[in-house]
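Please report on the ligand surroundings, the core and the open sheet of this protein. Keep it short.

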Amino acid sequence: MTAPANTNPTQYSVEGYCLFRGVLSPEEIVVARNHLDSMLSSMPDRQVVYKDGEHKEVDARPEYLTEPHPRHACWLELCRHPRILDAVEQVLGPNLILLMSHLIVKRAGDGLSVAWHQDNTYWHSVQGSDVATVWLAIDDTNQANGCMQVIPCTHEGYPEMEKFSTSGDDLLGLTVQVTPEMAADAVCLEMNAGSLSVHDSFVLHGSDANTSRQRRAAYTMRYANAETVQVNTDEHWVPVYLVRGEAGKNASQYIDIRPGRALPAPIET
Ligand SMILES: O=C(O)CCC(=O)C(=O)O
């Protein structure tokens with residue numbers, strides 16, 4: 001496969017997100033889906049999650065499969081997949097670190113919504129604005145099964161918005177205030193499995209519950225520009241990995257998994 005074509009090369013800086021279609025082949029997606037299915041089959045009954053601004057134990061749900069990459073080589077390998085990194089490089093530049101990842105699976109007919117939010121306000125160990133999330137579709141995703149939605153251009157000026165409790169049954173338990181006029185501008189990021197979107201860590205985004213008969217699974221991988229973004233690795237809850245280019249003065253804080261390097265042994269987090 002050739003390098004992914006950005007559907008609109010300037011869209012990321014102007015609107016805060018962009019799409020790359022057909023990045024992973026159908027065969028690669030089957031492999032990822034099989035790994036996911038095997039994780040789902042061994043999910044515990046209870047889970048500690050970060051919700052309503054605190055860590056709490058809840059009934060386990062497949063929306064909360066956080067940080068699989070340090071524990072499973074298959075997900076770490078995906079985080080350094082050359083075609084995924086080619087897409088990230090187009091928006092963040094050539095020097096890239098991997099900060100976090102999260103499998104978000106909305107079961108058919110029972111998938112949690114994700115209230116409007118900005119990512120950056122959840123990541124206090126990360127300083128800087130050149131931070132982006134790759135949202136890789138493992139299943140086909142559309143409005144009915146709760147595809148992600150973005151409000152374009154809301155990253156402009158990099159405002160940090162206040163969070164409020166939703167008191168509802170949603171993934172985060174928190175939201176920011178979005179007026180009906182702002183919500184009317186939202187764009188549904190419908191795509192086939194193997195395609196991905198990239199969104200800025202300040203842009204407003206969220207998704208509806210899955211009320212359809214089709215599962216919606218996605219793998220989110222969070223990257224930053226290694227030169228302009230600082231990570232307090234003492235406070236950060238998972239290792240930070242150098243995946244492409246140079247890490248500069250912070251190199252000693254990161255695990256080097258650039259092409260050709262062996263992956264480190266899986267760790268318990
Ligand atoms: O998967 C979703 O619906 C929301 C994803 C999200 O909020 C994120 O990737 O930051």
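In this predicted model, the residues around the ligand are Ile104, Val114, Asp119, Thr133, Trp135, Met148, His205, Ser207, Ala218 and Thr220. Strands β8, β14 and β15 each give two or more residues to this shell. By class, the shell has 5 nonpolar, 4 polar and 1 charged residues.

The open sheet has 4 strands in the order β6-β14-β9-β12, with antiparallel pairing. Strands β6 and β12 stand at the edges with a single partner strand each, so one side of each has no neighbour in the sheet.

| β8 | 131-137 |
| β15 | 216-225 |

Now the core. The largest nonpolar core has 72 residues. Val88, Ile97, Val134, Val198 and Tyr223 have the most contacts inside it. Strand β5 (residues 96-106) gives the most to this core, with 8 residues. Leaving aside neighbours within four places in sequence, Val198 touches residues including Tyr12, Tyr17, Ala87, Val88, Val91 and Val134.

Which residues of helix α4 (residues 82-92) are buried? They are Ile84, Leu85, Ala87, Val88, Val91 and Leu92. These residues lie on the same side of α4 because they cover an arc of only 155° around the axis. Just after α4, Gly93 takes a positive phi of about 95°.

Technical notes
Residues numbered from 1 in each chain as written. Predicted model: local features only at pLDDT ≥ 70, side-chain atom pairs only at ≥ 80, totals over all residues. Near = placed C-beta within 6 Å. Nonpolar A, V, L, I, M, F, W, Y, C, P; charged D, E, K, R; others polar. Buried ≥ 20, exposed ≤ 12 C-beta atoms within 10 Å, placed from the backbone. Arc of directions from axis to C-beta. Core = buried A, V, L, I, M, F, W, Y, C linked by C-beta atoms within 7 Å. Contact = placed C-beta atoms within 7 Å. Pairing = 2+ DSSP bridges.
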